[in-house]
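Please read the points below with the model open.

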Amino acid sequence: MCVRFPNWPVQRLRSESGAEVSAVALHTPQVVFEPASGKQKSIHQSDLRFIRAHFPSARSGPAVIAVSQEAWSAGIRPGMPLAEARSMAQPSTRSSHERPGMTQFAEWSPLIDREALLKTAEHLRSFAPVVALDDLPVPDCLLLDISGCAPLFGGESALAEHAVRRLRETGFYARIAISDSIATAWAFSHADGNIQTDSGPSRRRPMAAGEQWDLPIIIIPPGQSATYLQELPVSAARLQLADLEILGQLGIHSIRQLFLLPVEDLPSRLTDNAVLRIRQLQGVESELMTPLPEANPVRATWSAEFPATNRNEIRQILDYLVNRIVEQLIVRNLGTTRLDCELTQEDKSTLHLRASVIRPVQCATLLMDVITLRMEAMAFRKPVTAVSMHAAIAPMPVARQRDLFSATEHLEPQDELAALVNRLGGRLGHHAVKTVLRVDDARPEQAVRHHAMLAGDTGPSHGLEDRLQDLVNPEVPVTEEFMNRPIHLLQSPMVIAKAPTDPLRDGFVWQGKHRNTIRISGPERIETAWWEESSMHRDYYRIETTCGSRLWIFSDLGSRDWFLHGVFD
Amino acid sequence: MTSAAHSKTVRDLRQQLVKSQTTSIDQQILPTGIRSLDRLLPEGGLPTASVVEWVSDAPGLSATSIALTCVAEFIRLPGAFAVLDPDRKFHPIALPSFGIPLSRLLLIHPAERSDVLWSLEQVARCSGVRVVMADVDGVSTTALRRLQLAVERSGVTVFLMRPASALRQSSWADLRFRIQCVKFSKRIVDNGDPVRRLTVQLVHSRNVARQSGRVVLKVDDETGDVCEVSELAGAASAQ
């Protein structure tokens, strides 16, 4: 989810000024260097470069970079030199119908803008545990990973409405876009044609008739980003100004046209950054968010002069800390999906213990059950002198009323599964319980992707509630194509014959016995593209041995060695 | 006691014995997906809330494929299909060919061997799971009995894939099947091509009323499908 604050410098200034300030214009500093110390004012070079690239007049002196709607009406425009803007702000005539306009000019402070955006991020923590700041210069938006959070609010639409309302209460207007990826969410939230520091209608590129992206909330259904992206202008692709100018000269104005450009020609025409952004937009390249650290983390600590010397004492300490954590969560109406504990031992070494649960909880008993299971897999060889526990916060799910009048107490199958995953994860580790997804990769080893059910470092597991529902739903159809593949695949292929030996003719040794081949089916050539880093060129055969075993073997086309890869059990 | 009265007494005792072996949860009988295999079982299918062993004489004899054919029938009911895979050799990409969507699979990777039985018991207790499959070598009778008690409460069906060495152990499972390959020299040539055949033998049944017997199945090497060929006469049911 991308939460964009249009005209952020003006919004920030207005919220801080308190009194009703209507006409506001922000300008670059008159003096970049402080006269007293001779030092440069605190301003990111990247922010300054960005502004000077978009507003050439700012290179030679102070220029306006953002205006309010009222200042716009007075004739002041972003990019206008400050002196000219000030003269525009003076009313030349007065009539009985005009009121004298008072446009307030203020110095643009990108660092203060950035800090205010970080502070605003804390208001959005209750919607998603992972919040990040846009990494572009002069950021005007926050990025949230709402995977698994929407059902807690009754859907993505309800979550977005909550967020918009919460921000309005704090005095900010936001535009929200929800989509499959960071790149597409950013694109849809900036799809009204405005560049980041722009405000006012004159810079807004006209949209095609019938298309209206100037909405407070935009939600793109999963898997349909590509369809709607085509309609957006190239400015929504997060490209640098130089790349936008090149594309403009080539007559490329929409993302549809951008995607039609030959992929192999892009590096020669555009910057590396532009190629990366295009690939991110297409979903070819993944993008990571750098989560903002919590301003007010939920944590608890213990330390004592006399260390904890046995497992039982350590357990009591952890129980005490869990209860302190839960008290904080209840006060803040939040849950947790993960507890990270650091145990400092007598020799200053540390042990780490992580307890993950599949859904946000406030229940100390459940959390202690999971911690106890994790402790069983750990050895405590030295006394523990200090323990620190930190909770990864998450919004609490909406309470569901159970059927009071059912004859037997029952839970939904997915609730039972969630409890099972918590127990298994507690003992086996949070990576041990997974669902799988088919991946379009020729390599058999990479044909499926495993997706852990429990929260990792980046927050709740993606699409958790949907996955739980799919696991138990008998109506889910088979959508994957048929592939004649063995049910057992060796983690790494096992050499059964070296070139020039031919196991199909001479047999081979496997599990201590010599096996002769009595039937062969194949070859099936499986190979990757030549530019792939870990390329593979193999001829696979399905064979049957004299004892009836069906095996999957291959000849590596490079080395001509033979390998056993799978068993059709 | 007359002969008729004697027969009646034996029948009543057998019914009481069968009743005492039923589980506390409502047990259903589900088809295996292979008709001849269904006919091998007097109720016409596999019971839910049970422990079923599949013993294979050698790896690669399609024992797991036969079990997955049964799983596809089981997951027509709500509940997940869980697989315990300590050796990380389970290749889910083959599941759709059995009619099992990948989204129904819960894959569990215990890192330590010591965690396998514990994990299996936890899964067997969870009524959100419909069927769980696990490769296990040695399972003590205590562990098997715990599994049985767990499934009687939860309704989960446990499929244990076991090697031939398990035949030396007595079984506490509800059913034990043995899968063997028909020797190549004894195969029937079908259209000039010696088709691979398997025999599936019902070796053990906890319910004494169930008859033992065996069926012969054919494996289509192109699709990997397991289908029936014929049924050999089963041993007479226990009378």
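**Notes on the model**

1. Thr545(A) sits in strand β19 (residues 537-545) of chain A; helices (H or I, at least four residues) and strands (E, at least two) are DSSP runs, numbered from the N terminus. Thr545(A) counts as buried because its relative accessibility is 0%; buried means under 20% relative accessible area, exposed over 50%, partly exposed in between (1.4 Å probe, protein chains only). Leaving aside neighbours within four places in sequence, Thr545(A) is in contact with Phe508(A), Arg515(A), Asn516(A), Thr517(A), Ile518(A) and Leu551(A), where contact means heavy atoms within 4.5 Å.

2. On the source: this is a predicted model, in which local features need pLDDT of at least 70 and side-chain atom pairs count only at pLDDT 80 or more, while totals for chains, interfaces and linings use all residues. Residues are numbered from 1 along each chain as its sequence is written, chains are lettered from A and ligands numbered from 1 in the order in which they are written, and side-chain values use heavy atoms, with hydrogens and water left out.

3. Chain A has an open sheet of 3 strands in the order β3-β2-β4, with mixed pairing; two strands pair if DSSP finds at least two bridges between them. Its edge strands, β3 (64-67) and β4 (104-107) of chain A, each pair on one side only. From one strand to the next the twist averages 30 degrees. β2 (residues 24-27) of chain A pairs with β3(A) in the antiparallel sense over 3 bridges, and Ala25(A) has Val67(A) as its bridge partner in β3(A).

4. Helix α4 (residues 82-89) of chain A lies across β2, β3 and β4 of chain A and runs at about 160 degrees to β4(A). Axes here are lines fitted to C-alpha atoms, for helices over the stretch in contact, and angles run from 0 to 180 degrees between N-to-C directions.

5. Within chain A, helix α15 (residues 364-376) and α16(A) have axes that come within 6 Å and cross at roughly 35 degrees. The residues that meet include Leu366(A), Val370(A) and Leu373(A) in α15(A) and Gly425(A), Gly426(A) and Leu428(A) in α16(A). By class, this contact of α15(A) with α16(A) has 4 nonpolar, 3 polar and 4 charged residues.

6. Which helix of chain B do we find with its axis within 10 Å of that of α16(A)? It is helix α4 (residues 114-124) of chain B, and the axes cross at roughly 170 degrees. The two are therefore roughly antiparallel. Among the residues making this contact are Leu420(A) and Leu424(A) of α16(A), and Trp118(B) and Val123(B) of α4(B).

7. The contact between the chains takes 61 residues from chain B and 54 residues from chain A. In chain B, His91(B), Ile93(B) and Trp118(B) lose the most area to chain A, together 14% of what that side buries.

8. In chain B there are 5 helices and 13 strands, and buried residues make up 55% of its 239 residues. All 6 of the 6 residues of strand β3 (residues 51-56) of chain B are buried, so the strand is largely enclosed by the rest of the structure. β3(B) pairs in the parallel sense with strand β7 (residues 157-163) of chain B over 6 bridges and with strand β8 (residues 175-181) of chain B over 5 bridges. Trp54(B) stands opposite Met161(B) in β7(B) and Phe177(B) in β8(B).

Notes: Parallel < 35°, antiparallel > 145°, perpendicular 65-115°, else oblique. Buried area = accessible area lost by both parts, 1.4 Å probe. Nonpolar A, V, L, I, M, F, W, Y, C, P; charged D, E, K, R; others polar.
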